[in-house]
Amino acid sequence: MAAFVAAPRNTMVDWFTGKTTPAAVATRYLTTYNGDPQGAGTENIATITGSANRIAITTAMAAAAAGSSANTSILTITASAVGAATVDFIAIKDAITAGNTTGSVAVTSKSVGIGDSLSIQIGNLTISIT
Amino acid sequence: MTEAAKPTLHLHQSLITRHELLAAIALHARMVALSLDQHLTTDLSNLNFGWILQETARMADLAQAVIDASIAEQIMGGVATGKTVVTCDLTVVGPDGVTK
């Protein structure tokens with residue numbers, strides 16, 4: 001399964017062929033899942049943080065080079081979890097809540113306990129087109 | 001995952017991928033090995049050399065089909081590898097400051 005869902009792939013191809021210009025994008029967000037976001041997975045960031053608000057990633061991501069971008073600052077999902085959850089996927093979304101999944105990937109499964117911090121260290125989130 | 005080229009086959013028309021061709025080669029090889037193992041330890045006179053030659057020729061044909069497919073792939077300029085990739089490593093640290 002592709003990391004990017006069909007919609008952004010189609011947008012990129014249409015831009016590449018000159019058919020359409022993509023709409024301006026303000027911010028993209030990251031969230032946590034138990035299970036595949038492109039399958040039957042369940043978003044669980046609200047369990048962990050106490051809020052359904054996802055983590056904005058746009059300003060943390062470097063401008064793409066060689067078809068790839070990585071985060072240049074730590075992305076903190078929570079400094080102290082308020083609830084326990086298992087995270088085995090992350091998803092990129094186009095809205096802080098609701099909205100659509102634009103991409104996702106499986107991660108090394110983490111069991112987040114109450115009081116744990118959950119973050120993505122510098123360079124540990126990469127988005128690429130090869 | 002890349003998509004295998006579809007070779008032109010003169011045997012086993014239902015086999016359309018190199019993985020299946022290689023699996024078929026392995027199966028034939030195991031059949032020959034099993035037959036040899038059975039007969040060499042019991043009665044060599046019952047060993048069907050004609051069948052072994054036939055199986056060996058079949059394995060050679062299947063292997064050639066894999067080679068032909070690979071050559072065709074190279075002629076066409078290789079296999080497209082373009083793909084979208086997201087990678088992510090999460091860090092969990094307990095209240096005691098120990099990374100989980």
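## A sheet that reaches into chain B

In this predicted model, strand E5 of chain A and strand E8 (residues 117-120) of chain A run antiparallel and are joined by 3 bridges. One pair to look for is Thr78(A), whose bridge partner in E8(A) is Leu118(A).

These strands belong to an open sheet of 3 strands, ordered E5(A)-E8(A)-E2(B), and the pairing is antiparallel. At the edges sit strand E5 (75-78) of chain A and strand E2 (91-93) of chain B, each of which pairs on one side only. From one strand to the next, the twist averages 25°. As background, strands of a sheet pair through backbone hydrogen bonds, in either a parallel or an antiparallel way.

## Another sheet with both chains

Which strands make up the other open sheet described here? The order is E4(A)-E9(A)-E1(B), a set of 3 strands with antiparallel pairing. Its edge strands are E4 of chain A and strand E1 (84-88) of chain B, and each pairs on one side only. Neighbouring strands in this sheet are turned by 10° against each other on average, with direction ignored.

Let us follow the bridges across it. E4(A) is joined to strand E9 (residues 125-129) of chain A by 3 bridges, and the two run antiparallel. Within E9(A), Thr126(A) is the bridge partner of Ala70(A), while Ser128(A) is the bridge partner of Ser68(A). Next, E9(A) pairs with E1(B) over 5 bridges, in the antiparallel sense.

## Ile74(A), in a loop

Now look at the loop between strand E4 (68-70) and E5 of chain A, where you will find Ile74(A). Is Ile74(A) buried, partly exposed or exposed? Its relative accessibility is 44%, so Ile74(A) counts as partly exposed.

Leaving aside residues up to four places away in sequence, Ile74(A) touches Ser119(A), Ile120(A), Gln121(A) and Ile122(A). Gly123(A) is 49 residues from Ile74(A) along the chain, yet their C-alpha atoms are separated by 8.4 Å.

Elsewhere in chain A, strand E6 (residues 85-93) contains Lys93(A).

The Lys93(A) side chain does have polar contacts. One, of 2.9 Å, is with the side chain of Tyr33(A), and another, of 2.7 Å, is with the side chain of Thr101(A). Not counting residues up to four places away in sequence, the residues that Lys93(A) touches include Arg28(A), Tyr29(A), Thr31(A), Arg54(A), Asn100(A) and Thr102(A). Glu43(A) is also among the residues touched by Lys93(A).

## Chain B as a whole

Finally, step back to chain B, which has 2 helices and 2 strands. How are they arranged along the sequence? Chain B follows the pattern α-α-β-β.

Of the 100 residues in chain B, 28% count as buried. Among the contacts in chain B with a separation of 6 or more, 54% are between residues 24 or more positions apart.

Methods. Residues are numbered from 1 along each chain as its sequence is written. Chains are lettered from A and ligands numbered from 1 in the order in which they are written. This is a predicted model: local features need pLDDT of at least 70, side-chain atom pairs count only at pLDDT 80 or more; totals for chains, interfaces and linings use all residues. Side-chain values use heavy atoms; hydrogens and water are left out. Helices (H or I, at least four residues) and strands (E, at least two) are DSSP runs, numbered from the N terminus. A polar contact is a pair of N or O atoms within 3.5 Å; within protein, one must be able to donate a hydrogen and the other to accept it, and residues adjacent in sequence count only if both atoms are side-chain atoms. Contact means heavy atoms within 4.5 Å. Two strands pair if DSSP finds at least two bridges between them. Axes are lines fitted to C-alpha atoms, for helices over the stretch in contact, and angles run from 0 to 180 degrees between N-to-C directions. Buried means under 20% relative accessible area, exposed over 50%, partly exposed in between (1.4 Å probe, protein chains only).
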